[in-house]
4 protein chains.
Amino acid sequence: MYNKVIMIGRLVADPELRTTPNGVNVASLRIAVDRPYSKGGERKSDFFNAVAWRQNAEFISRYFSKGRLIGIEGSLQTRDYTDKEGNKRTAFEIQIDRAFFTESKASAGGGMPGDSPAPVSAPAAGVSYASGSNGDFQAIDDDDDLPF
Amino acid sequence: MYNKVIMIGRLVADPELRTTPNGVNVASLRIAVDRPYSKGGERKSDFFNAVAWRQNAEFISRYFSKGRLIGIEGSLQTRDYTDKEGNKRTAFEIQIDRAFFTESKASAGGGMPGDSPAPVSAPAAGVSYASGSNGDFQAIDDDDDLPF
Amino acid sequence: MYNKVIMIGRLVADPELRTTPNGVNVASLRIAVDRPYSKGGERKSDFFNAVAWRQNAEFISRYFSKGRLIGIEGSLQTRDYTDKEGNKRTAFEIQIDRAFFTESKASAGGGMPGDSPAPVSAPAAGVSYASGSNGDFQAIDDDDDLPF
Amino acid sequence: MYNKVIMIGRLVADPELRTTPNGVNVASLRIAVDRPYSKGGERKSDFFNAVAWRQNAEFISRYFSKGRLIGIEGSLQTRDYTDKEGNKRTAFEIQIDRAFFTESKASAGGGMPGDSPAPVSAPAAGVSYASGSNGDFQAIDDDDDLPF
DNA sequence: TTTT
DNA sequence: TTTT
């Protein structure tokens, strides 16, 4: 069994960062991914919900915002719920294992790690940044052993 | 923009092969993918719908059946529709670009390409099989007719 | 059996476009991919050779140049050869099935499809561009001529 | 920057498990991956070296052996070295982030986690098994915070 | 150099 | 050997 999703898309809104009762950070994203242009067809995008946890959540909410391109890797999960009319529904969401920049520094609108002055104090422990001299970065998952 | 899904799961039912009014083959699949076992947790699987077209549809319906493991690669798409109560809904389905065997011959229950007698006349034009001596196979998109 | 490579890296040199005796276009690339920054470590990049064929070769050589970020998807292959000293060697190269932009228009330095005036006459037949309103593009393998 | 390799291949030899001077487990693998059969062509396989660390190394050396199919996910890296003739060479190897079974229990020759009696005491801490009712398993990486 |  |  294997379940892998890799996407590059655009954030439709700012990531929403919340904290669970257990004190675990969660970021909720909504991403638009343009379909490849089919001959003679019109523009079409798909919109997906995605969720990131812990260090990934912090990394994303710190460095990505509405309108930015974001790369994500994770798995596709379903979640069963009951809507307000009492009907059983299934939600699809991408569980993010890793998020990464896909643009050069110039195009990303600044605020990336490594910029000075530092955008925030120190990077959260457990997240390292693939900070090339070219301004590409990458969040490394480090969320094991957490009681989640 | 990039949209990639790679999964290995188990067919919950036989693939359904239909033909569009234009004469294009379509196969609809329902696949169960077990989640990795989380320490102390119980079994959980996610169920996904997937769609394959043309040669991929023929390949899948010929060589895969209920209960078999299947590997698929494609993209995740949404489809908007209105349910019988008149509510707007969104369906999620995987558009399959490629399907492949993930098991050795022995485990796959026979009926693979290369078996004799041939399970069906000749392989559909446009699909080639990666038929290793070990019984692994792979559907290849026949993406050009260049003599290279 | 399954063999998939997905990379985003930077072109170390302009793509080299050649034509085989059979008239098939081939593009050779060399790509630098920064490793994720490991805590306290220094910058490290890996360099890979990659090869694209036909429409993919034309697409890449038309829209990508030295210094640009490029996304590629394909498979990893080995090629045996004998070096000038007569020793047997193995070359590793990525066979590109698909190339895609990973940056917004602004950052890519212009010259993308959809720019006006058109950078070149018409897109090569068989390659379509996923030209989002945001200037993201994607080369699509034109893998069938079915009217679907 | 992004560097992802996903492969399903066959182990050409038993994994070699060693321990670094720091006490970190490393497993070295050699994997054969059949190329898709191209019309009228003959069988061709590519052979790759791969390396797994810590829990991944233990998981692989415990549950995989020569001749078995294995799924791996990781990144492609190069390593520069000088051969015995004093020539500079580059080695290519896959750094494994995750390994997984791709076959049903029946075909894998037994000895999988969940079999009774247990093949080894308890699963190594930090590795969990995706043990579906059908005997599919998956190793989950858990190797952070190690002093490597 | 694996495998059926 | 790329890039900011």
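In this predicted model, C:T78 lies in strand β5 of chain C, which spans residues 69-82; strands here are DSSP runs of E of at least two residues and helices are runs of H or I of at least four, both numbered from the N terminus. C:T78 is buried, with a relative accessible area of 10%, where buried means under 20%, exposed over 50% and partly exposed in between, using a 1.4 Å probe and protein chains only.

Between C:T78 and C:A91 the C-alpha to C-alpha distance is 5.4 Å, although 13 residues separate them in sequence. With D:D46, the side chain of C:T78 makes a polar contact of 2.8 Å, that is, a pair of N or O atoms within 3.5 Å in which, within protein, one must be able to donate a hydrogen and the other to accept it, with residues adjacent in sequence counting only if both atoms are side-chain atoms.

Elsewhere in chain C, strand β2 (residues 16-19) and strand β3 (residues 25-34) run antiparallel and are joined by 4 bridges, strands being paired if DSSP finds at least two bridges between them. C:R18 has C:V26 as its bridge partner in β3(C). The two strands form a hairpin with 5 residues between them, and C:G23 in the turn has a positive phi of about 85°.

Turning to chain A, its 1 helix and 6 strands follow the order β-β-β-β-α-β-β from the N terminus on. Of its 148 residues, 57% count as buried, and among contacts in chain A with a separation of 6 or more, 58% are between residues 24 or more positions apart.

Residues are numbered from 1 along each chain as its sequence is written, and chains are lettered from A and ligands numbered from 1 in the order in which they are written. Local features need pLDDT of at least 70 and side-chain atom pairs count only at pLDDT 80 or more, while totals for chains, interfaces and linings use all residues, and side-chain values use heavy atoms, with hydrogens and water left out.

Note on methods: Contact means heavy atoms within 4.5 Å.
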